[in-house]
Amino acid sequence: MATLQEWVQGARPRTLPAAIAPVLVGTGAAYALEKANPGYALLALVVSLALQVGVNYANDYSDGIRGTDDVRVGPVRLVGQRLARPGDVKLAAFVAFGVAALAGLTLITLANTPWLLLVGALAVVAAWKYTGGKNPYGYLGLGELFVFVFFGLVAVLGTTYTQAGTLSTAAWAGACGVGAVACAVLVVNNLRDIPGDTASGKRTLAVRIGDRATRALYVLLVLVAGLCVVVAGITAPAALIGLLALALAVPPVRVVTAGRQGRDLIPALAGTGMFLLAYGVLLGLGLYLAPHLG
(Lines give C-alpha, C1' and ligand atoms only; values in the text may rest on other atoms or scores of the structure.)
Protein backbone atom coordinates (compact mmCIF):
# COMPACT_ATOMS: atom_id res chain seq x y z
CA MET A 1 0.00 0.00 0.00
CA ALA A 2 1.22 3.47 -0.85
CA THR A 3 2.15 5.78 2.01
CA LEU A 4 0.52 9.18 2.50
CA GLN A 5 3.67 10.82 1.15
CA GLU A 6 3.53 8.67 -1.99
CA TRP A 7 -0.13 9.58 -2.51
CA VAL A 8 0.80 13.26 -2.21
CA GLN A 9 3.65 12.78 -4.67
CA GLY A 10 1.29 10.87 -6.96
CA ALA A 11 -0.94 13.95 -7.05
CA ARG A 12 2.09 15.73 -8.62
CA PRO A 13 2.07 18.91 -6.52
CA ARG A 14 4.57 20.55 -8.85
CA THR A 15 1.82 20.76 -11.47
CA LEU A 16 -0.47 22.79 -9.20
CA PRO A 17 0.76 26.16 -10.51
CA ALA A 18 -1.20 25.23 -13.65
CA ALA A 19 -4.33 25.32 -11.47
CA ILE A 20 -3.47 28.41 -9.41
CA ALA A 21 -2.22 30.75 -12.15
CA PRO A 22 -5.45 30.93 -14.20
CA VAL A 23 -7.54 31.79 -11.14
CA LEU A 24 -5.13 34.56 -10.17
CA VAL A 25 -5.20 36.05 -13.67
CA GLY A 26 -8.96 35.62 -14.07
CA THR A 27 -9.60 37.27 -10.72
CA GLY A 28 -7.16 40.06 -11.58
CA ALA A 29 -9.11 40.67 -14.79
CA ALA A 30 -12.32 40.87 -12.74
CA TYR A 31 -10.69 43.45 -10.48
CA ALA A 32 -9.62 45.42 -13.57
CA LEU A 33 -13.31 45.49 -14.50
CA GLU A 34 -14.05 46.55 -10.88
CA LYS A 35 -16.43 43.61 -10.45
CA ALA A 36 -14.36 41.07 -8.50
CA ASN A 37 -15.80 38.67 -5.91
CA PRO A 38 -13.17 37.03 -3.62
CA GLY A 39 -15.60 34.32 -2.52
CA TYR A 40 -16.27 33.27 -6.09
CA ALA A 41 -12.52 33.36 -6.73
CA LEU A 42 -11.97 30.91 -3.86
CA LEU A 43 -14.56 28.53 -5.28
CA ALA A 44 -12.91 28.77 -8.71
CA LEU A 45 -9.58 27.90 -7.08
CA VAL A 46 -11.08 24.79 -5.46
CA VAL A 47 -12.49 23.73 -8.84
CA SER A 48 -9.17 24.27 -10.59
CA LEU A 49 -7.03 22.52 -7.96
CA ALA A 50 -9.38 19.54 -7.69
CA LEU A 51 -9.54 19.17 -11.46
CA GLN A 52 -5.73 19.25 -11.70
CA VAL A 53 -5.33 16.60 -9.01
CA GLY A 54 -8.03 14.51 -10.68
CA VAL A 55 -6.23 14.75 -14.02
CA ASN A 56 -2.98 13.68 -12.40
CA TYR A 57 -4.47 10.63 -10.69
CA ALA A 58 -6.42 9.73 -13.84
CA ASN A 59 -3.25 9.87 -15.92
CA ASP A 60 -1.42 7.78 -13.33
CA TYR A 61 -4.18 5.15 -13.50
CA SER A 62 -4.61 5.08 -17.28
CA ASP A 63 -0.90 5.16 -18.13
CA GLY A 64 -0.21 2.61 -15.42
CA ILE A 65 -2.66 -0.03 -16.62
CA ARG A 66 -1.41 0.43 -20.21
CA GLY A 67 2.20 -0.10 -19.13
CA THR A 68 3.24 3.36 -20.32
CA ASP A 69 4.72 4.19 -16.91
CA ASP A 70 6.66 0.94 -16.45
CA VAL A 71 9.87 2.74 -17.37
CA ARG A 72 9.55 6.45 -16.62
CA VAL A 73 11.82 9.30 -15.58
CA GLY A 74 10.21 11.72 -13.16
CA PRO A 75 7.82 11.80 -10.17
CA VAL A 76 6.14 8.89 -8.41
CA ARG A 77 3.76 6.77 -10.50
CA LEU A 78 1.45 4.96 -8.12
CA VAL A 79 0.18 2.33 -10.55
CA GLY A 80 3.26 2.06 -12.76
CA GLN A 81 5.53 1.49 -9.77
CA ARG A 82 3.04 -0.93 -8.16
CA LEU A 83 2.68 1.34 -5.11
CA ALA A 84 -1.12 1.37 -5.13
CA ARG A 85 -3.90 -0.71 -6.62
CA PRO A 86 -5.21 0.67 -9.92
CA GLY A 87 -8.78 0.74 -8.59
CA ASP A 88 -7.74 2.88 -5.63
CA VAL A 89 -5.99 5.41 -7.89
CA LYS A 90 -9.02 5.51 -10.19
CA LEU A 91 -11.23 6.14 -7.16
CA ALA A 92 -8.95 8.97 -6.02
CA ALA A 93 -9.28 10.56 -9.46
CA PHE A 94 -13.07 10.45 -9.36
CA VAL A 95 -13.18 11.76 -5.80
CA ALA A 96 -11.14 14.76 -6.98
CA PHE A 97 -13.45 15.20 -9.98
CA GLY A 98 -16.41 15.03 -7.58
CA VAL A 99 -14.95 17.80 -5.43
CA ALA A 100 -14.40 19.90 -8.57
CA ALA A 101 -17.98 19.26 -9.71
CA LEU A 102 -19.47 20.16 -6.32
CA ALA A 103 -17.48 23.39 -6.02
CA GLY A 104 -18.23 24.21 -9.66
CA LEU A 105 -21.96 23.65 -9.20
CA THR A 106 -21.91 25.93 -6.16
CA LEU A 107 -20.05 28.63 -8.09
CA ILE A 108 -22.35 28.38 -11.10
CA THR A 109 -25.45 28.58 -8.90
CA LEU A 110 -24.21 31.61 -6.97
CA ALA A 111 -23.05 33.38 -10.13
CA ASN A 112 -26.29 32.47 -11.95
CA THR A 113 -24.45 31.12 -14.99
CA PRO A 114 -26.23 27.79 -15.63
CA TRP A 115 -24.82 27.47 -19.16
CA LEU A 116 -21.40 26.91 -17.58
CA LEU A 117 -22.65 23.51 -16.41
CA LEU A 118 -21.96 22.19 -19.91
CA VAL A 119 -18.46 23.67 -19.89
CA GLY A 120 -17.77 22.08 -16.51
CA ALA A 121 -19.03 18.69 -17.65
CA LEU A 122 -16.84 18.90 -20.76
CA ALA A 123 -13.82 19.75 -18.57
CA VAL A 124 -14.29 16.61 -16.45
CA VAL A 125 -14.84 14.38 -19.49
CA ALA A 126 -11.81 15.88 -21.21
CA ALA A 127 -9.72 15.35 -18.07
CA TRP A 128 -10.59 11.64 -18.04
CA LYS A 129 -10.26 11.12 -21.80
CA TYR A 130 -6.76 12.65 -21.87
CA THR A 131 -5.23 9.24 -21.18
CA GLY A 132 -8.36 7.23 -20.34
CA GLY A 133 -10.83 5.32 -22.48
CA LYS A 134 -10.29 3.45 -25.73
CA ASN A 135 -8.88 6.34 -27.77
CA PRO A 136 -7.18 8.78 -25.37
CA TYR A 137 -6.35 12.00 -27.16
CA GLY A 138 -3.19 12.45 -25.08
CA TYR A 139 -1.83 9.51 -27.10
CA LEU A 140 -2.75 11.26 -30.33
CA GLY A 141 -0.72 14.44 -29.82
CA LEU A 142 -3.68 16.56 -28.68
CA GLY A 143 -2.70 17.04 -25.02
CA GLU A 144 -1.44 20.56 -25.55
CA LEU A 145 -4.76 21.56 -27.09
CA PHE A 146 -6.60 20.29 -23.99
CA VAL A 147 -4.26 22.18 -21.67
CA PHE A 148 -4.56 25.43 -23.63
CA VAL A 149 -8.35 25.27 -23.80
CA PHE A 150 -9.16 24.10 -20.27
CA PHE A 151 -6.26 25.37 -18.15
CA GLY A 152 -5.96 28.56 -20.19
CA LEU A 153 -9.14 29.78 -21.83
CA VAL A 154 -11.79 28.03 -19.74
CA ALA A 155 -10.07 28.47 -16.36
CA VAL A 156 -9.17 32.15 -16.77
CA LEU A 157 -12.27 33.30 -18.64
CA GLY A 158 -14.58 31.23 -16.45
CA THR A 159 -13.06 32.78 -13.34
CA THR A 160 -13.51 36.28 -14.75
CA TYR A 161 -17.02 35.73 -16.09
CA THR A 162 -18.46 34.20 -12.92
CA GLN A 163 -17.31 37.29 -11.02
CA ALA A 164 -17.78 40.12 -13.53
CA GLY A 165 -20.49 38.79 -15.82
CA THR A 166 -18.45 39.96 -18.81
CA LEU A 167 -15.01 39.60 -20.38
CA SER A 168 -12.33 42.03 -21.49
CA THR A 169 -9.35 42.18 -23.84
CA ALA A 170 -7.06 41.80 -20.83
CA ALA A 171 -8.94 38.66 -19.72
CA TRP A 172 -8.61 37.09 -23.18
CA ALA A 173 -4.92 38.01 -23.38
CA GLY A 174 -4.30 36.63 -19.90
CA ALA A 175 -6.14 33.42 -20.76
CA CYS A 176 -4.00 32.89 -23.86
CA GLY A 177 -0.82 33.70 -21.93
CA VAL A 178 -1.59 31.29 -19.09
CA GLY A 179 -2.58 28.65 -21.62
CA ALA A 180 0.72 29.10 -23.46
CA VAL A 181 2.82 28.65 -20.32
CA ALA A 182 0.71 25.70 -19.14
CA CYS A 183 1.34 24.14 -22.56
CA ALA A 184 5.07 24.80 -22.12
CA VAL A 185 4.98 22.74 -18.91
CA LEU A 186 3.45 19.82 -20.81
CA VAL A 187 5.81 20.28 -23.76
CA VAL A 188 8.96 20.04 -21.64
CA ASN A 189 7.46 17.08 -19.75
CA ASN A 190 6.78 15.25 -23.02
CA LEU A 191 10.20 16.25 -24.37
CA ARG A 192 11.76 14.47 -21.42
CA ASP A 193 9.57 11.40 -22.03
CA ILE A 194 10.11 11.03 -25.79
CA PRO A 195 12.17 7.79 -25.52
CA GLY A 196 9.75 6.04 -23.16
CA ASP A 197 6.63 7.28 -24.93
CA THR A 198 8.02 6.18 -28.30
CA ALA A 199 8.72 2.70 -26.97
CA SER A 200 5.28 2.36 -25.38
CA GLY A 201 3.37 3.71 -28.39
CA LYS A 202 2.24 6.94 -26.74
CA ARG A 203 2.19 9.36 -29.67
CA THR A 204 2.41 12.70 -27.88
CA LEU A 205 2.98 15.86 -29.87
CA ALA A 206 6.67 15.70 -28.89
CA VAL A 207 6.94 12.18 -30.31
CA ARG A 208 5.17 13.23 -33.48
CA ILE A 209 7.19 16.36 -34.28
CA GLY A 210 10.51 15.22 -32.84
CA ASP A 211 13.10 16.52 -30.41
CA ARG A 212 14.27 19.62 -32.25
CA ALA A 213 10.81 20.95 -33.15
CA THR A 214 9.59 20.31 -29.60
CA ARG A 215 12.37 22.49 -28.20
CA ALA A 216 11.50 25.25 -30.68
CA LEU A 217 7.83 24.97 -29.70
CA TYR A 218 8.75 25.43 -26.06
CA VAL A 219 10.60 28.67 -26.78
CA LEU A 220 7.73 29.89 -28.97
CA LEU A 221 5.22 29.31 -26.17
CA VAL A 222 7.32 31.38 -23.75
CA LEU A 223 7.48 34.21 -26.30
CA VAL A 224 3.72 34.04 -26.86
CA ALA A 225 3.19 34.35 -23.11
CA GLY A 226 5.27 37.52 -23.09
CA LEU A 227 3.36 38.94 -26.05
CA CYS A 228 0.06 38.28 -24.26
CA VAL A 229 1.20 40.43 -21.33
CA VAL A 230 1.93 43.26 -23.76
CA VAL A 231 -1.56 42.90 -25.26
CA ALA A 232 -3.14 42.96 -21.80
CA GLY A 233 -1.10 46.06 -21.05
CA ILE A 234 -2.73 47.97 -23.90
CA THR A 235 -5.96 48.36 -21.93
CA ALA A 236 -4.51 47.77 -18.45
CA PRO A 237 -0.97 49.24 -18.39
CA ALA A 238 -0.23 47.93 -14.89
CA ALA A 239 -0.47 44.40 -16.31
CA LEU A 240 2.98 44.94 -17.82
CA ILE A 241 4.31 43.97 -14.39
CA GLY A 242 3.76 40.45 -15.67
CA LEU A 243 6.79 40.81 -17.95
CA LEU A 244 8.99 40.51 -14.85
CA ALA A 245 8.03 36.83 -14.71
CA LEU A 246 9.99 36.24 -17.90
CA ALA A 247 13.17 36.38 -15.81
CA LEU A 248 12.19 33.00 -14.36
CA ALA A 249 11.77 31.59 -17.86
CA VAL A 250 15.42 32.20 -18.74
CA PRO A 251 16.94 29.21 -16.85
CA PRO A 252 14.49 26.58 -18.21
CA VAL A 253 14.79 28.02 -21.73
CA ARG A 254 18.57 27.63 -21.48
CA VAL A 255 18.21 24.02 -20.33
CA VAL A 256 15.82 23.18 -23.16
CA THR A 257 17.83 24.93 -25.88
CA ALA A 258 21.05 23.34 -24.62
CA GLY A 259 19.78 19.95 -25.76
CA ARG A 260 19.48 18.35 -22.32
CA GLN A 261 17.64 15.03 -22.18
CA GLY A 262 16.04 12.67 -19.68
CA ARG A 263 16.59 13.54 -16.01
CA ASP A 264 18.61 16.57 -17.03
CA LEU A 265 15.34 18.17 -18.18
CA ILE A 266 13.72 17.91 -14.74
CA PRO A 267 15.08 21.34 -13.67
CA ALA A 268 13.48 22.83 -16.78
CA LEU A 269 10.16 21.22 -15.86
CA ALA A 270 10.32 22.56 -12.31
CA GLY A 271 11.50 25.95 -13.55
CA THR A 272 8.63 26.21 -16.03
CA GLY A 273 6.18 25.48 -13.23
CA MET A 274 7.68 28.29 -11.16
CA PHE A 275 7.53 30.57 -14.19
CA LEU A 276 3.83 29.77 -14.59
CA LEU A 277 3.13 30.57 -10.94
CA ALA A 278 5.09 33.84 -11.10
CA TYR A 279 3.32 34.70 -14.37
CA GLY A 280 -0.05 34.22 -12.70
CA VAL A 281 0.89 36.16 -9.58
CA LEU A 282 2.46 39.13 -11.37
CA LEU A 283 -0.04 39.41 -14.23
CA GLY A 284 -2.92 38.98 -11.77
CA LEU A 285 -1.39 41.63 -9.51
CA GLY A 286 -0.95 44.02 -12.42
CA LEU A 287 -4.58 43.59 -13.46
CA TYR A 288 -5.69 44.10 -9.86
CA LEU A 289 -3.73 47.34 -9.67
CA ALA A 290 -4.92 48.61 -13.08
CA PRO A 291 -8.01 50.53 -11.90
CA HIS A 292 -6.06 52.00 -8.97
CA LEU A 293 -3.25 53.29 -11.15
CA GLY A 294 -5.54 54.84 -13.74
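This briefing walks through some helices, cysteines, aromatic rings and one tyrosine. Keep in mind that the model is predicted. A search of the whole structure turns up 0 disulfides, while aromatic pairs number 10.

**Helices**
- Helix H3 covers residues 38–66, which makes 29 residues. From its first C-alpha to its last, H3 reaches 42 Å, close to the 42 Å expected at 1.5 Å a residue.
- After H3 comes Gly-67, and its phi is positive, near 85 degrees.
- Helix H7 takes in residues 169–192, 24 residues in total. Its first and last C-alpha atoms are 35 Å apart, close to the 34 Å expected at 1.5 Å a residue.
- H7 is mostly covered, with 21 of its 24 residues buried.

**Cysteines**
- A disulfide is a covalent bond between the sulfur atoms of two cysteines.
- For Cys-176, the closest cysteine sulfur is the one in Cys-228, 5.2 Å away. The cut-off for a disulfide is 2.5 Å, so Cys-176 and Cys-228 are too far apart for a bond.
- Cys-176 is partly exposed, at 25% relative accessible area, whereas Cys-228 is buried at 10%.

**Aromatic rings**
- Phe-146 and Phe-151 make an edge-to-face pair, 6.0 Å from centre to centre and with 80 degrees between the planes.
- Phe-146 counts as buried at 5% relative accessibility, and Phe-151 is buried too, at 4%.
- Phe-275 and Tyr-279 have ring centres 5.9 Å apart and planes at 75 degrees, so this pair is edge-to-face.
- Both Phe-275 and Tyr-279 sit in helix H12, 4 residues apart, or about one turn of the helix. An α-helix has 3.6 residues a turn, so residues three or four places apart point the same way.
- Phe-275 and Tyr-279 are both buried.
- Ring pairs also tie Tyr-61, Phe-94, Phe-97 and Trp-128 together into a cluster.

**Tyr-288**
- Tyr-288 belongs to helix H12, which runs over residues 266–289.
- With a relative accessible area of 35%, Tyr-288 is partly exposed.
- Leaving aside residues up to four places away in sequence, Tyr-288 touches Gly-28 and Tyr-31.
- Asp-197 is 91 residues from Tyr-288 along the chain, and their C-alpha atoms are separated by 42 Å.

Notes. Residues are numbered from 1 along each chain as its sequence is written. This is a predicted model: local features need pLDDT of at least 70, side-chain atom pairs count only at pLDDT 80 or more; totals for chains, interfaces and linings use all residues. Side-chain values use heavy atoms; hydrogens and water are left out. Helices (H or I, at least four residues) and strands (E, at least two) are DSSP runs, numbered from the N terminus. Buried means under 20% relative accessible area, exposed over 50%, partly exposed in between (1.4 Å probe, protein chains only). Contact means heavy atoms within 4.5 Å. The expected span of a helix is 1.5 Å times one less than its number of residues. Rings of Phe, Tyr and Trp (its six-membered ring) pair if their centres lie within 6.5 Å; planes under 30 degrees apart count as stacked, over 60 as edge-to-face and the rest as tilted.
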